[in-house]
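Here's a walk through a predicted model, one element at a time. Have the structure open as you read.

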Amino acid sequence: KHGINAEYGDSRKKNVFMYGNITQPSHNATVKLLPTILDIHAPAFSFSNCCFTVEKSRESTARVTLWRQFGIIRSYTLESSYCGADQGLYKGCQLGTQHLEEMGGKFCEGLLIMSSADQPCCLSDNSDDEDDSFFSTDSDGTDDEDDSSA
């Protein structure tokens, strides 16, 4: 099950980061996949500022409620600092509208990457069912790479 995400502002931490729910070691990789992807692709995001423990004071949040009541393992809170960034490309900058819009785009890209990572990778033995358009061929059916015989 995939998560629901909300965005809030934080006045103590810097950068953009997430809260998630890990109470079982078997959920560690699943829950941390999206934040890991964002850490790689989004300049304002900081994995090191993320927190994955469920604190007593957070029991009533939507993130924890959706996880507990509906079993949504990837339920997150995405937060952006009011204090700016202290790492990466935006170190020393106040995060403004452009940064947050960029983060929103990177978040969508992260969801796409994550959903691709969740799909099993396999090739069919039946080549009639496969779309071979990925491999470039000339109109005569030969490979593009070796045109030295022409």
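## What sits on helix 1

The cover over the buried residues of helix 1 includes strand 2, strand 3 and helix 3. Those buried residues are Val31, Leu34, Pro35, Ile37 and Leu38; buried means under 20% relative accessible area, exposed over 50% and partly exposed in between, with a 1.4 Å probe and protein chains only. Helices (H or I, at least four residues) and strands (E, at least two) are DSSP runs, numbered from the N terminus.

Leu34 touches Met18, Tyr76, Phe107, Gly110, Leu111 and Met114, leaving aside residues up to four places away in sequence. Contact here means heavy atoms within 4.5 Å. Helix 1 also bends by about 35° at Leu34, and a proline, Pro35, follows within four residues. That bend is the angle between axes fitted to the seven residues ending at a position and the seven starting there.

## How the model was read

This is a predicted model, so to speak of local features takes pLDDT of at least 70, side-chain atom pairs count only at pLDDT 80 or more, and totals for chains, interfaces and linings use all residues. Residues are numbered from 1 along each chain as its sequence is written, and side-chain values use heavy atoms, with hydrogens and water left out.

## Strands 2 and 3

Strand 2 (residues 16–19) is covered on both faces: Val16 and Met18 are buried on one side, Phe17 and Tyr19 on the other. Strand 3 (residues 76–81) runs antiparallel to strand 2, and four bridges join them; strands pair if DSSP finds at least two bridges between them. Met18 has Leu78 as its bridge partner in strand 3.

In strand 3, six of six residues are buried. Tyr76, Leu78 and Ser80 point one way, while Thr77, Glu79 and Ser81 point the other.

## The core

The largest nonpolar core has 23 residues, and Val16, Met18, Leu34, Leu38 and Phe45 have the most contacts inside it. Strand 2, helix 1 (28–41), strand 3 and helix 3 (97–118) each supply at least two of its residues. Such a core is a set of buried Ala, Val, Leu, Ile, Met, Phe, Trp, Tyr and Cys residues joined through side-chain atoms within 4.5 Å.

Which residues of helix 3 are buried? They're His99, Met103, Phe107, Gly110 and Met114. They cover an arc of only 90° around the axis, which puts them on the same side of helix 3; the arc is that of the directions from the helix axis to the C-beta atoms. Over on the other side, Thr97, Gln98, Glu101, Cys108 and Leu112 are exposed.

## A buried loop residue

Asn15 lies in the loop between strand 1 (5–10) and strand 2. Asn15 is buried, with a relative accessible area of 0%. Its contacts, not counting residues up to four places away in sequence, include Ala44, Asn49, Glu79, Ser80, Asp86 and Leu95.

## The whole chain

The protein chain has three helices and three strands, running β-β-α-α-β-α from the N terminus on. Of its 150 residues, 30% count as buried.
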